[in-house]
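I opened my notebook to look through one chain, element by element. Here is what I looked up, in the order I went.

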Amino acid sequence: MLLIDQARRTIRDHRLAAPDTRVVVALSGGPDSVALAHVVRELDAAGELRAAGAAHFNHQLRATADRDERFCARLADSFGWPIVIDREDVGARARRERRSLEDAARTARHEFLERARLHLAADVVAVGHTRDDQAETFLLRLVRGAGARGLAAMHPRNGPIVRPLLDCPRSAVRVYLDEGQILYVEDESNQDVTILRNRVRAELVPLLEVRFNPAIIDVLAGEAEIARDEWTWMQGAADELVRAALVRSDAERRHVEFDVATLLAAPLALRRLVVWRAMTDAAGGRPLAFEHVRAALGLLEPDARSSGFDAPGHRAERIGSRLVLTTRLPDAVGRPVARAANLFRYPLSIPGEVRLAEAGCVLSAETRPSASSTDVATTAGSEVAIVRSDACAGPLAVRNRRPGDRFRPVGLDGQKKLQDYFVDRKVARQQRDVVPLVVDNADRIVWVAGYGIDAEFRVTDPTQAVLILRLTQV
């Protein structure tokens, strides 16, 4: 099949363009992008789309980069197309932003292509990736480690980026150029096998073709298409799980919270995907490894050995019944994650209950005219506390800790800082801010829920009227 016909089919099958779609071609000067420019010009002449012009980005990474820029300018001029040209020292950007050269180049290039699209009033930007590029990307993702999303490789459409040649083999591109005696330039850096992608192209693919399967390009590109379809389905299912499990998302405070029970009820693949997406957002562009996601999934388990860990750009923690991800502030490099203030205080009616979303629990209160000897024995802590109702001043409230909080634990002579009490009881650092405190109208701590009451409110006579306080996890 001719290159132009293959491109037509890809455009039609994936709805990449219509007769009124304005297309700008990302033009590097290499064979694939030059072939794409000629194809777009032919399709424009046939009324199947509208050519809006070309865009060339000079990465300033090679001595021949200026030569390529001049070549692209001449080609666009010969077509009668406008061309947008920009340049950036991508190497300096990579060093400044502490990212890989490949990642910095990709980011800079995509930013430029969007600027060029808007400048030329285009609907989409066409790039020249071929079926061979797809297979190489599949292999590259595989050797680096990837799931369905990574193995899906490149999509025919990714937002305003379209790939009309994605189903076309590189050999068809070369035949098209040779038959039309079309000139192009060669990027000598493509021969540098210290670059992993080039090594995959120059060494791994030929080895697979000769030793294992001469049709390996088609096989790998087909596998990428299968993975792409599976990934599309998983994305939709993950969106539904996020809606069900998301408890709180605070962009200003830069943290997100998920209900652990809802995540655990979902299949592992969807659970992993939701956690990976949330961690990727929290990481702020920093790369995540499989081990980071697996560690976060481990926090969900009832027998988790850890309550939290530092991940790239953020911290993942299990706090009560929630998985909490907190993004590290830009100026916090090398320091602990900045914790967002999350103070709460709710009135507690008698009888009545208050649901604490922050702690994933419900705290209730009820009265009794007296306490039995069995009730008195439970006042040392646990999830039920029996306290003297006459000792409580005014209405009760439930809040979390504040700086300077003190109380008198039963069995201790004198007051103790709440912070020190938590340390003594080995309460995890990330749990301390969500431990509910029942306080009276004078803001005295009546009960550190789940741990212990203040000695002043201890029941000493079974005939005393009491309050029954209960803590229930939800």
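**Confidence first.** I began with pLDDT, which is the predictor's confidence in each residue, from 0 to 100. The chain averages a pLDDT of 87, and 93% of the residues score at least 70. This is a predicted model, in which local features need pLDDT of at least 70 and side-chain atom pairs count only at pLDDT 80 or more, while totals for chains, interfaces and linings use all residues. I also noted that residues are numbered from 1 along each chain as its sequence is written, and that side-chain values use heavy atoms, with hydrogens and water left out.

Which element has the lowest mean pLDDT? I found that helix 14 (residues 373-377) does, with 44, whereas strand 1 has the highest, 97. My helices (H or I, at least four residues) and strands (E, at least two) are DSSP runs, numbered from the N terminus. Over residues 332-341 the pLDDT is below 50, yet beyond near neighbours in sequence this stretch has 18 contacts in the model; contact means heavy atoms within 4.5 Å. Residues 373-381 also have a pLDDT below 50, and that stretch has 13 contacts beyond near neighbours in sequence.

Next I traced six strands that form an open sheet, in the order 3-2-1-4-6-5 with mixed pairing. Two strands pair if DSSP finds at least two bridges between them. As a reminder to myself, strands of a sheet pair through backbone hydrogen bonds, either parallel or antiparallel. Strand 3 (83-87) and strand 5 (157-158) are the edge strands, since each pairs on one side only. Inside the sheet I looked at strand 4 (residues 124-126) and strand 6 (residues 161-162), which run parallel and are joined by two bridges. There V125 stands opposite I161 of strand 6. Helix 5 (residues 101-119) packs on this sheet and touches strand 1 (22-26), strand 2 (50-58), strand 3, strand 4 and strand 6. The direction of helix 5 makes about 145 degrees with that of strand 2; axes are lines fitted to C-alpha atoms, for helices over the stretch in contact, and angles run from 0 to 180 degrees between N-to-C directions.

I then followed strand 20 (residues 445-448). Strand 19 (residues 437-439) runs antiparallel to strand 20, and three bridges join them. Which residue of strand 20 is the bridge partner of V438? I found W447. W447 turned up again on the next pairing, where its bridge partner in strand 21 is I453. Strand 20 and strand 21 (residues 452-453) are antiparallel, with two bridges. The hairpin of strand 19 and strand 20 has five residues between the strands, and D443 there takes a positive phi near 65 degrees. The hairpin of strand 20 and strand 21 has three residues between them, with G450 in the turn at a positive phi of about 90 degrees.

Most residues other than glycine have a negative phi, and most peptide bonds are trans. With that in mind I noted A153, whose phi is positive, near 55 degrees. A153 is in the loop between helix 7 (148-151) and strand 5. I also noted a cis peptide bond from I350 to P351, with omega near -5 degrees. P351 lies in the loop between strand 12 (345-348) and strand 13 (352-356).

How do helix 12 (residues 268-283) and helix 13 (residues 290-298) cross? Their axes come within 10 Å and cross at roughly 110 degrees. That makes helix 12 roughly perpendicular to helix 13; angles under 35 degrees count as roughly parallel, over 145 as roughly antiparallel, 65 to 115 as roughly perpendicular and the rest as oblique. Among the residues in this contact are W276 and M279 of helix 12 and F290 and L297 of helix 13.

Helix 12 also packs against helix 10 (residues 216-245), at an angle of about 75 degrees and with the axes 9 Å apart. Helix 10 is therefore roughly perpendicular to helix 12.
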